[in-house]
Amino acid sequence: MIEDEFGSLPARRRVERFRGRVMCVRTDDVDFGDQVQARDYIVHFGAVAVVALDERDRVLVIKQYRHAVAARTWEVPAGLLDLPDEDPLTAVQRELAEEAGYVAREWSVLTDYATTPGGSTEIIRIYCAQGLTKLDERPKTDEAEEQDMPVDFVELDVLRDAILAGRVANTSLVVGGLAAYAARATNWTSLRSATAPWPLREHLMANDRIFRP
């Protein structure tokens, strides 16, 4: 079995370089024992995402404009954990309703991952939602990027091919899509409880690595 080992090396000095709405940038002078080196990193809220599957195991996808990459990318519903002490499951259920207009009967944890551990504390928990029901009306949002988000369903095999061919690149879609493809091969027995512990997030919170405005 392989498993990540949690533990932070001591920082001789910490400087905050930038503070925005959803993140800050720090420089730590890290004590590596025989040398001290500066390391820049982004401190992030963390987020949740959901691979929502219909009765034919098709994945619900949305298309959203992302200014940083100057593209409208296919994604799975997702959102920041930016409300103090909000339960991640509650947050992801809200995102599925707001971004896609669906609720789900069954929820599980699909996988957890760190998006860029070399330079960011952003971590994402991806849930699996099954037993979908469409809401009569999708909740409206004032967020600019969320005012025009097409919703579609794609077969899991087709999504796998699109990922491996490089036609889609959103991280949660790639990680979640491949994880769901693998989980289906186990007849979904690899899924964890929707309330399963999230040790990495607990570790980051204990070590002041989660953004707080």
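Q: How do you know that E1 and strand E2 (residues 23–31) are joined, and which way do they run?
A: This is a predicted model, in which local features need pLDDT of at least 70, side-chain atom pairs count only at pLDDT 80 or more, and totals for chains, interfaces and linings use all residues. Residues are numbered from 1 along each chain as its sequence is written, and side-chain values use heavy atoms, with hydrogens and water left out. Two strands pair if DSSP finds at least two bridges between them. Here 7 bridges join E1 to E2, so the two count as paired. They run antiparallel. In one of the bridges, Glu16 has Arg26 of E2 as its partner.

Q: What is the strand order of the open sheet?
A: The order is E1-E2-E3, with antiparallel pairing. Strands are DSSP runs of E with at least two residues; helices are runs of H or I with at least four; both are numbered from the N terminus.

Q: Why do E1 (11–19) and E3 (36–44) stand at the edges?
A: Each has a single partner strand, so one side of each is left without a neighbour in the sheet. From one strand to the next, the twist averages 20°. Axes here are lines fitted to C-alpha atoms (for helices, over the stretch in contact), and angles run from 0 to 180 degrees between N-to-C directions.

Q: Why does Asp85 count as exposed?
A: Exposed means over 50% relative accessible area, buried under 20%, and partly exposed in between (1.4 Å probe, protein chains only). Asp85 has 75% relative accessibility, so it counts as exposed. Asp85 sits in the loop between strand E7 (78–80) and helix H1 (88–100). Its phi is positive, near 65°, in a residue other than glycine.

Q: Which residues of H3 are buried, and what do they pack against?
A: Ser172, Leu173, Gly176, Gly177, Ala179, Ala180 and Ala183 are buried. Contact means heavy atoms within 4.5 Å. The partners of the buried residues include strand E4 (47–53), strand E8 (102–114) and helix H2 (156–164).

Q: What makes Asn187 exposed, and where does it lie?
A: Asn187 has 61% relative accessibility, so it counts as exposed. It lies in the loop between helix H3 (171–185) and strand E11 (192–193).
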